[in-house]
Amino acid sequence: MAGGSSPCASCKLLRRRCARDCIFAPYFPPDDPHKFAIVHKVFGASNVSKMLQELPLHQRADAVSSLVYEANARMRDPVYGCVGAISYLQNQVSQLQMQLAVAQAEILCMEMQQQDQHHHQPPPVMLPPPPPISSFQDDQKSNNFLLGNFNNLQHYLNYTVANSSSSSHVMQDPLKRESLWT
């Protein structure tokens, strides 16, 4: 018995007398019976006893802590145990690192666009004067001409901003913005 008259959690669960040299007593106190119960259910008392006997005294507390952690993980995930939890967390870290990299790239892109807008204004584009309007049909042609030039101007401006901030030749459509977060 470890320090008191009450048997340790392992001896209590196994319904045996707790000896003074009980290998479980220092690590499975009587006030925490669930700790040994879960380790016993997953690994078995005999296997845990053998593992602890093979270890030096200064490593046994850490070994018991690891066994309790692994036993709890095995109860939650019987196939993968703590490896499943570690794998899940590693995947989550990878996804978050990727999201962080994307966000940092977007910030850098925005900063470069702002710098280019302040330092390198694209030359003004002069639109040709509209043809004289003489009839309704000419009005329609004139509107189509102006709208066509306006759309070209938007693409030209986006093309020059994109080219001045990077070496890629990708035209950007300001109305379409795809998000990598969804």
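Modeller: What follows sets each label against its cut-off.

Colleague: What kind of model is this, and what pLDDT does the protein chain average?

Modeller: This is a predicted model. The protein chain averages a pLDDT of 77. Of its residues, 63% score at least 70.

Colleague: Where does pLDDT stay under 50?

Modeller: Over residues 145-182. For that stretch the model has 32 contacts beyond four places in sequence. Where pLDDT is low, the predicted coordinates should not be read in detail.

Colleague: How many helices and how many strands does the protein chain have?

Modeller: Six helices and zero strands. Read along the sequence, the pattern is α-α-α-α-α-α. Buried residues make up 21% of the 182 residues. Take contacts between residues at least 6 apart in sequence: 46% of them join residues at least 24 apart.

Colleague: How do α2 and α3 cross?

Modeller: Helix α2 covers residues 33-43 and helix α3 covers residues 45-54. Their axes come within 7 Å and cross at roughly 100 degrees.

Colleague: Why is α2 called roughly perpendicular to α3?

Modeller: The label covers angles from 65 to 115 degrees. The crossing is at roughly 100 degrees, so α2 is roughly perpendicular to α3.

Colleague: Which residues make that contact?

Modeller: From α2, Phe-36, Val-39, His-40 and Phe-43. From α3, Ala-45, Asn-47, Val-48 and Met-51. The residues of this contact divide into six nonpolar, two polar and no charged.

Colleague: How many aromatic pairs are there?

Modeller: The count comes to three.

Colleague: What makes the pair of Phe-28 and Phe-36 edge-to-face?

Modeller: Two values decide it. The ring centres are 5.1 Å apart, and pairing needs them within 6.5 Å. The planes stand at 75 degrees, and edge-to-face means over 60. The pair is therefore edge-to-face. Phe-28 and Phe-36 also form one aromatic cluster with Phe-24.

Colleague: Are Phe-28 and Phe-36 buried or exposed?

Modeller: Buried means under 20% relative accessible area. Phe-28 has 0% relative accessibility, so Phe-28 counts as buried. Phe-36 is at 0% as well, so the label for Phe-36 is buried.

Colleague: Where does Cys-18 lie, and how far apart in space are Cys-18 and Cys-8?

Modeller: Cys-18 lies in the loop between α1 (9-14) and α2. Cys-18 and Cys-8 are 6.7 Å apart, C-alpha to C-alpha. In sequence they are ten residues apart.

Colleague: Why does Cys-18 count as buried?

Modeller: Its relative accessibility is 4%. The cut-off is under 20%. Cys-18 therefore counts as buried.

Colleague: What phi does Arg-15 have?

Modeller: A positive phi of about 55 degrees, although Arg-15 is not a glycine. Most residues other than glycine have a negative phi. Arg-15 is found in the loop between α1 and α2.

Colleague: What makes Arg-15 exposed?

Modeller: Exposed means over 50%. Arg-15 has a relative accessible area of 77%, so Arg-15 is exposed.

Colleague: Why is Ala-61 called partly exposed?

Modeller: Ala-61 has a relative accessible area of 43%, so the label is partly exposed. Ala-61 has its place in helix α4 (residues 57-76). The C-alpha atoms of Ala-61 and Pro-26 are separated by 8.4 Å, and the two are 35 residues apart along the chain.

Notes
Residues are numbered from 1 along each chain as its sequence is written. This is a predicted model: local features need pLDDT of at least 70, side-chain atom pairs count only at pLDDT 80 or more; totals for chains, interfaces and linings use all residues. Side-chain values use heavy atoms; hydrogens and water are left out. pLDDT is the predictor's confidence in each residue, from 0 to 100. Contact means heavy atoms within 4.5 Å. Axes are lines fitted to C-alpha atoms, for helices over the stretch in contact, and angles run from 0 to 180 degrees between N-to-C directions. Helices (H or I, at least four residues) and strands (E, at least two) are DSSP runs, numbered from the N terminus. Angles under 35 degrees count as roughly parallel, over 145 as roughly antiparallel, 65 to 115 as roughly perpendicular and the rest as oblique. Ala, Val, Leu, Ile, Met, Phe, Trp, Tyr, Cys and Pro count as nonpolar, Asp, Glu, Lys and Arg as charged, and the others, Gly among them, as polar. Rings of Phe, Tyr and Trp (its six-membered ring) pair if their centres lie within 6.5 Å; planes under 30 degrees apart count as stacked, over 60 as edge-to-face and the rest as tilted. Buried means under 20% relative accessible area, exposed over 50%, partly exposed in between (1.4 Å probe, protein chains only).
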